[in-house]
Amino acid sequence: MAGSALIIIDVQNDFCPGGSLAVAGGDEVVPVINGLSQHFEHVLLTQDWHPHHHSSFASSHPGRQPFETVRMAYGEQTLWPDHCIQGSGGAAFHPGLNRTKAELIIRKGFRPAIDSYSAFFENDHTTPTGLAGYLRERGIRDITLVGLATDFCVAYSALDAVAQGFATTVRLDACRAIDLGGSLDAMLGRMRQAGVTLASN
Ligand code: VGL
Ligand code: ZN
């Protein structure tokens with residue numbers, strides 16, 4: 001697949017069983033993604049990369065619990081358990097993930113006051129990560145998204161990708177979801193509506 005990129009979202013220990021924000025079956029995506037990587041000219045990774053006391057952590061909001069919602073300057077924000085702390089083992093990629101072919105790692109969520117689900121824009125929907133520019137300069141127009149979690153970082157990346165004009169596929173068999181309060185169905189609907197191709201093999 002020339003001119004196409006596989007973008008592997010947040011396949012990190014904290015999102016896998018045993019991690020602080022474990023996604024059910026999160027580690028099962030690893031062999032599937034390793035197989036897919038062989039077929040793409042470009043392979044890119046994202047890495048959720050939060051400082052201690054990040055504003056998306058429930059622990060930064062006295063009296064609040066993980067998975068509650070708060071209002072931030074940029075809108076509604078779900079609060080999470082502390083996860084993917086910069087330099088920690090939990091922030092490291094799953095050890096089984098083959099990263100040899102990866103040409104770029106986009107880190108996100110490192111600004112203390114803004115979370116970043118999407119690989120393209122932070123949660124204020126205006127601060128870019130630089131990914132769209134990288135893809136355009138390399139002549140990449142088709143992207144396939146895989147990884148964790150389907151209904152958060154994968155979905156928001158996919159929505160931004162189509163809005164940025166990329167032909168966008170999500171391989172659902174290489175993703176796993178958090179599914180918080182119906183978020184999986186809601187985000188599958190939004191992706192379909194936006195023109196994301198949802199594929200299972
Ligand atoms: C993610 C919640 C918080 C994700 C990252 O990768 O989907 N979800 N940070
Ligand atoms: Zn995060």
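Residues are numbered from 1 along each chain as its sequence is written, while chains are lettered from A and ligands numbered from 1 in the order in which they are written. In this predicted model, local features need pLDDT of at least 70, side-chain atom pairs count only at pLDDT 80 or more, and totals for chains, interfaces and linings use all residues; side-chain values use heavy atoms, leaving out hydrogens and water.

Setting aside residues up to four places away in sequence, isoleucine 143 touches Ala5, Ile7, Phe120, Leu135, Ala161, Phe166, Ala167, Thr168 and Thr169, where contact means heavy atoms within 4.5 Å.

The zinc ion (ligand 2) is coordinated by Asp48 (OD), His50 (NE2) and His83 (NE2), at 2.0 to 2.2 Å. Donors are N, O and S atoms within 2.8 Å of the metal (3.2 Å for Na, K and Ca), and sites may look incomplete because water is not among the atoms. The four donor atoms around this zinc ion subtend angles of 88 to 170°, which makes the arrangement irregular. Aspartate 48 belongs to strand β2 and histidine 83 to the loop between β4 (75-78) and β5 (102-108), so the pair ties together parts 35 residues apart in sequence. Both aspartate 48 and histidine 83 are buried, that is, under 20% relative accessible area with a 1.4 Å probe and protein chains only; exposed means over 50%, and partly exposed in between.

Aspartate 48 and histidine 83 are also among the residues surrounding ligand 1, together with others including Asp10, Trp80 and Ala149; such residues have a heavy atom within 4 Å of the ligand. A nitrogen atom of ligand 1 is 3.1 Å from an N or O atom in the side chain of aspartate 48. An oxygen atom of ligand 1 is 2.7 Å from an N or O atom in the side chain of aspartate 10.

Proline 112, in the loop between β5 and α2, is exposed, with a relative accessible area of 52%.

Note on methods. Four donors count as tetrahedral if all angles lie between 85 and 135 degrees; four count as square planar and six as octahedral if opposite donors are over 155 degrees apart and all others between 65 and 115; anything else is irregular. Helices (H or I, at least four residues) and strands (E, at least two) are DSSP runs, numbered from the N terminus. A polar contact is a pair of N or O atoms within 3.5 Å; within protein, one must be able to donate a hydrogen and the other to accept it, and residues adjacent in sequence count only if both atoms are side-chain atoms.
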